[in-house]
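Hi,

Here is the structure I promised to pass on to you. Please have a look at it first, and then read my notes below.

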Amino acid sequence: MTYRQIKLIARPEKEITADIFEITTQEIPTPSEGEFVVKLSHLSLDPAMRGWMSPDTESYIPPVELGHVMRASGIGEVVESKNESFPVGSRVMGLMGMTEYALTDGKGINLIPKELPAEAILSVIALPGITSYHGLFEVLKPEAGQTIAITAAAGSVGSLVGQMAKNLGLTVVGVAGSEEKCQWLKDELGFDHALNYKDADFAEQLTQATPKGIDLYFENTGGAAQTPIFERMNAHGRIAVCGLIAEYQKEVPDLGPSWLNIIKKRLTIQGFTMPDHFHRIPEYGQVLGGMLMKGELKYRAHVIKGLESAPSGLNLLFDGKNTGKLIVEL
Ligand SMILES: NC(=O)c1ccc[n+]([C@@H]2O[C@H](COP(=O)([O-])OP(=O)(O)OC[C@H]3O[C@@H](n4cnc5c(N)ncnc54)[C@H](OP(=O)(O)O)[C@@H]3O)[C@@H](O)[C@H]2O)c1
């Protein structure tokens, strides 16, 4: 029996195009001692994948080598096993790649409950959940009464950050790129304010929405919203730099705001990437699962179908056309 994989065969010039990938077909492998075979059911598409395609060896994770399966995280079921920790029938999650089947020794693979829908796991328990939880609680250290601004607020990470902050008693200001997304943030997720960074008067709207300034800033995008938010920061404010999606496809990076405010306002700015904290996945997973069960976190998944839809699907993230966690159902 055969299965398909997607390999990266060239680096993107700017945008992600179909010709940098190749779909190959091969026989399903047989596991050796200690290994097992996973049949994947869902893949997660994440903005970071654009960075993994670039040749940059100075980043937090090595680039995907040309000719190798494109790196991606996914969920699947063990269908053949010579590893007693992962018996046949177990459900697993990990960086198994853009592939319909994966052969693995279990390194970096986590067992996950069978009861939850795959969309719930990929949207809340997996990367978006652990990223929002870590960034909010370990980096920003929020306190009730503070005001937080969040960019890409209607995205998978931002929407969870805002809900957790709201549940703690913060005033939550979300920034997103369409009226529909802003409406969803206010009506469904209970954000205090949701502003469209594409509006010409975005900076004025932000000033109106934050009469007491901004204490915490969860940065997911860079781009148009960054300087206006930075200028509203209060003394001793904290900024978590989680992502800069507006920058990922640019040849020349934006200049960004002046550093003067870092001194004047004694700001703390910290970047973080989750691979440094993957050892905390079981701990974070427990907490996030609890929040989900209690109905404290809502999510929406944007599901596209078939392995072949993955490469072009990635562009939805950069066009802002994804409404929720972008997932490929295999
Ligand atoms: N540090 C980490 O370990 C880590 C882990 C996961 C994710 N991240 C980062 O977190 C950010 C959000 O990731 P996600 O998975 O939750 O994706 P997402 O927010 O679900 O999707 C990406 C969103 O980014 C927005 N966007 C795209 N281009 C933009 C631009 N030029 N200016 C402003 N907004 C733009 C779009 O929303 P609009 O319609 O609102 O424009 C798009 O829907 C990304 O930067 C990602 O790299 C970091």
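**The ligand and its surroundings**

A polar side-chain atom of Asn-322 lies 2.5 Å from an oxygen atom of the ligand, which is a polar contact (a pair of N or O atoms within 3.5 Å; within protein, one must be able to donate a hydrogen and the other to accept it, and residues adjacent in sequence count only if both atoms are side-chain atoms). Taken alone, the ligand exposes 910 Å², and the protein buries 91% of that (Shrake-Rupley areas with a 1.4 Å probe; for residues, only the protein chains shown count as cover).

Before going on, please note that this is a predicted model, with pLDDT of at least 70 needed for local features and 80 or more for side-chain atom pairs, while totals for chains, interfaces and linings use all residues. Residues are numbered from 1 along each chain as its sequence is written, and side-chain values use heavy atoms, leaving out hydrogens and water.

The shell around the ligand has 15 nonpolar, 10 polar and 1 charged residues (Ala, Val, Leu, Ile, Met, Phe, Trp, Tyr, Cys and Pro count as nonpolar, Asp, Glu, Lys and Arg as charged, and the others, Gly among them, as polar). Helix 3 (127-140), helix 4 (156-168) and helix 11 (315-319) each supply at least two residues of this shell (helices are DSSP runs of H or I with at least four residues, strands are runs of E with at least two, numbered from the N terminus).

**Salt bridges**

The structure holds 11 salt bridges (a side-chain nitrogen of Lys or Arg within 4 Å of a carboxyl oxygen of Asp or Glu). One of them joins Asp-46 and Lys-325, with the closest N and O atoms 3.1 Å apart. Asp-46 sits in the loop between strand 3 (36-44) and helix 1 (48-53) and Lys-325 in strand 15 (residues 325-329), so the pair ties together parts 279 residues apart in sequence. Both residues are buried (under 20% relative accessible area; exposed is over 50%, partly exposed in between, with a 1.4 Å probe and protein chains only).

Glu-308 and Arg-4 also meet in a salt bridge, at 3.0 Å from N to O. Glu-308 is partly exposed at 44% relative accessible area, and Arg-4 is partly exposed at 27%.

Happy browsing!
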